[in-house]
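These are my notebook entries on one structure. I set down what I looked up, entry by entry.

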Amino acid sequence: MVLVQCHDCKDYDLSASDQSFLMKHYLRTSRKEEGLSTGKPVASGVTYVRWGRKGCQKGVEIVYTGQVGGNQYTYKGGGVTNLSLPNDPENGEPLSGTNDQIVGGQYELTSPNRPSGMKSTLTDNEVPCAVCYQRKRSTVLMIPGRKTCYKGWTFEYTGYIMSDHKDHSSKEYVCVDKDAEPVDDKNKNENGALFYGVKTNCGSLRCPPYKNAVTVHCVVCTK
């Protein structure tokens with residue numbers, strides 16, 4: 001039981017329900033005041049990978065920049081996800097086995113495989129990436145098939161869905177920035193984890209609303 005005291009009033013004994021109400025109010029108020037005093041937002045923020053770019057858009061904090069890594073396109077086993085490898089790694093120890101599956105990502109954007117909105121000079125260049133931190137957000141969403149966010153969501157970047165070729169080993173789909181750039185000026189066909197533009201194939205994919213044999217836009221949104 002809580003005993004309430006004041007200068008100009010009598011003492012009151014509070015019931016259990018009153019005590020619970022006061023405690024909840026105190027905790028809620030103190031948390032708000034703590035946030036104001038420290039300047040920390042209630043939502044701590046979200047991170048996302050910006051595939052194909054070395055930096056984040058204006059107003060978004062960059063955690064690190066790097067190069068895309070993944071599994072060799074000819075390997076039938078191993079990982080299927082792409083990795084955003086930092087440019088300042090803390091390298092591991094020598095390994096004598098043969099499981100050397102982490103290689104660099106390369107654009108394979110010759111004319112038949114390149115979305116019309118992307119540069120024609122990217123083929124055989126390595127793919128960069130940036131990990132971005134957007135403050136005051138709690139959710140990040142990549143929407144395939146759109147280049148704008150739905151109402152109530154904040155636009156981060158737009159691009160095209162890419163993956164490895166369907167005749168190679170399976171890889172995940174990622175949203176590569178429409179203004180993609182290379183890691184550097186080096187241009188050599190070393191293959192590795194390959195990035196092709198993909199197109200739709202109507203049938204089980206309902207058309208309309210989709211169209212056959214077109215590129216697939218994508219957009220990354222936060223809220």
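Is Ser169 buried or exposed? I found that Ser169 counts as buried, because its relative accessibility is 8% (buried means under 20% relative accessible area, exposed over 50%, partly exposed in between, with a 1.4 Å probe and protein chains only).

I note that this is a predicted model, in which local features need pLDDT of at least 70 and side-chain atom pairs count only at pLDDT 80 or more, while totals for chains, interfaces and linings use all residues. Residues are numbered from 1 along each chain as its sequence is written, and side-chain values use heavy atoms, with hydrogens and water left out.

Entry on Ser169. I placed Ser169 in the loop between strand 9 (154-163) and strand 10 (174-177); strands (E, at least two residues) are DSSP runs, numbered from the N terminus. A polar atom of the Ser169 side chain lies 3.1 Å from the backbone oxygen of Tyr73. The side chain of Ser169 also reaches the backbone oxygen of Tyr75, at 3.0 Å.

Entry on Gly70. I located Gly70 in strand 4 (residues 61-71). Gly70 counts as buried because its relative accessibility is 2%. I looked up Gly70 and Lys171, which are 101 residues apart along the chain, and their C-alpha atoms are separated by 8.9 Å.

Entry on Val176. Leaving out residues up to four places away in sequence, I found that Val176 touches several residues, including Trp51, Tyr107, Met118 and Phe195; contact means heavy atoms within 4.5 Å.

How values were computed:
Helix = DSSP H or I, 4+ residues; strand = E, 2+ residues; numbered from the N terminus. Polar contact = N/O pair within 3.5 Å; in protein donor to acceptor, adjacent residues only side chain to side chain.
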